[in-house]
Amino acid sequence: MITNGRQTVGTSRVRVDGRSEFYSRLYVHNDDNTKELYIGGPNVTVANGYKIIGLTSEEFDLPPLDDIYMISDGGEHPVSWIRIEVH
């Protein structure tokens with residue numbers, strides 16, 4: 001199954017929408033050209049997160065029922081994602 005979406009991220013961490021019962025590949029795209037996006041676990045911050053610079057994307061392999069969280073260094077930050085389940 002393939003799912004996708006867009007979210008607005010701010011300075012409070014949020015979970016990337018969607019969760020899979022299967023292994024999945026998650027692509028996250030920073031849709032803003034001036035703000036930096038930070039990815040990590042439920043305790044991600046701008047100080048400890050994996051940085052995705054403006055207008056680039058990263059790919060993540062996730063185990064079943066695992067989540068990725070994100071936070072921005074600014075408000076009203078648009079982010080796109082697509083999740084591809086691997087059965």
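1. A caveat on the model. It is predicted, so to speak with care: local features need pLDDT of at least 70, side-chain atom pairs count only at pLDDT 80 or more, and totals for chains, interfaces and linings use all residues. Numbering runs from 1 along each chain as its sequence is written, and side-chain values use heavy atoms, with hydrogens and water left out.

2. Ile68 up close. Leaving out residues up to four places away in sequence, Ile68 touches Val14, Arg15, Val16, Leu26, Ile39, Gly40, Phe60 and Leu62 (contact: heavy atoms within 4.5 Å).

3. Have a look at Arg83, in strand β8. Arg83 is buried (under 20% relative accessible area; exposed is over 50%, partly exposed in between, with a 1.4 Å probe and protein chains only) yet has no salt bridge, and the nearest side chain of opposite charge, Asp67, is 5.4 Å away. Its side chain does make a polar contact of 3.4 Å with that of Ser24 (N or O atoms within 3.5 Å, one able to donate a hydrogen and the other to accept it).

4. Salt bridges (a side-chain nitrogen of Lys or Arg within 4 Å of a carboxyl oxygen of Asp or Glu) number seven. One of them joins Asp31 and Arg6 at 2.9 Å, N to O, linking the loop between β3 and β4 to strand β1 (residues 2-9), 25 residues apart. Arg6 is exposed at 59%.

5. Asp67 again: this residue pairs with Arg15, closest N and O atoms 3.5 Å apart. Asp67 is buried at 12%, while Arg15 is partly exposed at 32%. Shared partners join Arg15, Arg19 and Asp67 into one network.

6. There is one aromatic pair (ring centres within 6.5 Å; planes under 30 degrees apart are stacked, over 60 edge-to-face, the rest tilted). The centres of Tyr50 and Phe60 are 6.1 Å apart with planes at 85 degrees, so the pair is edge-to-face. Tyr50 is partly exposed at 42%, whereas Phe60 is buried at 17%.

Terms used
Helices (H or I, at least four residues) and strands (E, at least two) are DSSP runs, numbered from the N terminus. Lys and Arg count as positive and Asp and Glu as negative; His and the chain ends are not counted. Rings of Phe, Tyr and Trp (its six-membered ring) pair if their centres lie within 6.5 Å; planes under 30 degrees apart count as stacked, over 60 as edge-to-face and the rest as tilted.
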